[in-house]
Amino acid sequence: MRIVMIGSGYVGLVSGACLADFGHHITCVDKSVEKIDALERGEVPIFEPGLDTIIAQNRAAGRLDFSKDLAAPVASADVVFIAVGTPSRRGDGHADLTYVYAAAREIAAAVEGFTVVVTKSTVPVGTGDELERIFRDEFPDKDISVVSNPEFLREGAAITDFKRPDRIVLGTEEPRAIEVMREVYRPLYLNEAPLYFCERRTSELIKYAANAFLAMKITFINEIADLCEQIGADVQKVAKGIGMDKRIGDKFLHAGPGYGGSCFPKDTLALVKTAQDYDSPMRLIETTVAINDNRKRAMGRKVIAACDGTVRGKKIAILGLTFKPNTDDMRDAPSITIVQALLDGGADVHVYDPEGMDAAREVLGPVVYGRDPYEIADGADAVVLITEWDEFRALDFKRLKTLVSQPVLVDLRNIYPIAEVTRHGFSYFAVGKKSGS
Ligand code: UGA
């Protein structure tokens, strides 16, 4: 099959590369000249484990190419995916669909013969209907069917998520489109990943509902963590204890500094706005958004409390800046708010992240960037672990102890057992479990 992916960002690039790996012919299109030039030189503009290899292999096999112009590849395509960004619109939090509609009009102008246009970008309920209206009114001669196919991949685990999904949601009731989409995902179906067909509006909502539910689940365990600290319980054991109930499940129950990233914050807000517009408010999600916002600031206060109530003039070493490990993405990372709180408190903040420092330079205030955990820990009054990168999971505490000024570890991801830290003379502060020295 010939497939075009409009938008070579995270979702577009991963989906395009993986679909090429299934044996389809894919052209990834992007308006950014620099991005396409870089991809053509063999450079991958995002950090995602395994993506560079898949891209290189499929380019070499002649199944994956890149283009700045969509007209030619779209004219010969069976399927065109729209995977452009849908950022929060400034001012009101609604998803900004400018890029989606612009891409759709360009696609419609270029298609020849029956073509399925698929929204893979996260788009509000009714976007598919609006695209259909645009195609019908403005391009009456074109034979286009609009399908919703939300993506559920996570950054850092994107290739596995795409190739081994729990389900593939497809919003269409048109028999011709159903047949085409079955063909696109046939390799996954053979792997027994269920294809779940439903109405387009339902499919669009599934994406928002899934992200909102996961954000709510994280927020729930974060509040339980706060309660654990007050009553002397252990949130990791509570999570395990409830997670063993299959109705609840053990995933997404890691307490931490609050969720971040390019999806949960934006999608929860957009869902809240849509619900308000339809006079059907989603109070659980409104509260989730508010709790998560407060939590990031509370984590700043937690670090200050661990430093005896003040960080003025103190050196704080931050391990991990990205919103989660295995990505270089800093969008809505909790580290941004935490670092700002420390800077506001007068701290001298030194930071290190394995992949996120370039992106961090664009969003963090005046901090010092170090080359590894030990360099920034030198003379520190507290070491604060914000993102659980693997390389922070086996810190050499003996060495750290000789470097730091005050042996204080604030572990906002609960990756260490208290005994392992305190036995080296550190005071340990965790989230929702016993702290001590
Ligand atoms: C999320 C969803 O998990 C994907 O299914 C979805 O496709 C994607 O959004 C999207 O809409 O594009 P992602 O943002 O890449 O994926 O990352 P997650 O692994 O979901 O983590 C999001 C945030 O929640 C991170 O800040 C992470 O640290 C935090 N988190 C996650 C927790 O604090 N606790 C957990 O137990 C899990």
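Two strands count as paired if DSSP finds at least two bridges between them. Keep that in mind for the first exercise; the model here is a predicted one.

**Exercise 1. Work out the strand order of the six-stranded open sheet, and find which strands stand at its edges.**

Step 1: Trace the pairing across the sheet. The order reads 11-10-9-12-13-14, and the pairing is parallel.

Step 2: Look at the ends of that order. Strand 11 (368-369) and strand 14 (427-429) each have a single partner strand, so one side of each is left without a neighbour in the sheet.

Step 3: Zoom in on one pair. Strand 9 (residues 315-319) and strand 10 (residues 348-352) run parallel to each other, joined over five bridges. In this pair, Leu319 sits opposite Tyr352 of strand 10.

Step 4: Helix 13 (residues 283-306) lies across strand 9, strand 12 (382-385), strand 13 (408-411) and strand 14, and it runs at about 160 degrees to strand 13.

**Exercise 2. Describe how helix 10 packs against helix 12.**

Step 1: Read them off. Helix 10 (residues 200-231) meets helix 12 (residues 264-277) at an angle of about 115 degrees, and their axes are 9 Å apart. That makes helix 10 roughly perpendicular to helix 12.

Step 2: Get the handedness. Helix 10 passes helix 12 in a left-handed crossing.

Step 3: List the contacts. From helix 10, residues including Leu205, Tyr208 and Ile218 take part, and helix 12 contributes Phe264 and Leu271, among others. Sorted by type, the residues of this contact are nine nonpolar, two polar and two charged.

Notes: Residues numbered from 1 in each chain as written. Predicted model: local features only at pLDDT ≥ 70, side-chain atom pairs only at ≥ 80, totals over all residues. Heavy atoms only, no water. Axes fitted to C-alpha atoms, helices over the stretch in contact; angles between N-to-C directions. Helix = DSSP H or I, 4+ residues; strand = E, 2+ residues; numbered from the N terminus. Parallel < 35°, antiparallel > 145°, perpendicular 65-115°, else oblique. Left-handed = near helix turned anticlockwise from the far one by under 90°. Contact = heavy atoms within 4.5 Å. Nonpolar A, V, L, I, M, F, W, Y, C, P; charged D, E, K, R; others polar.
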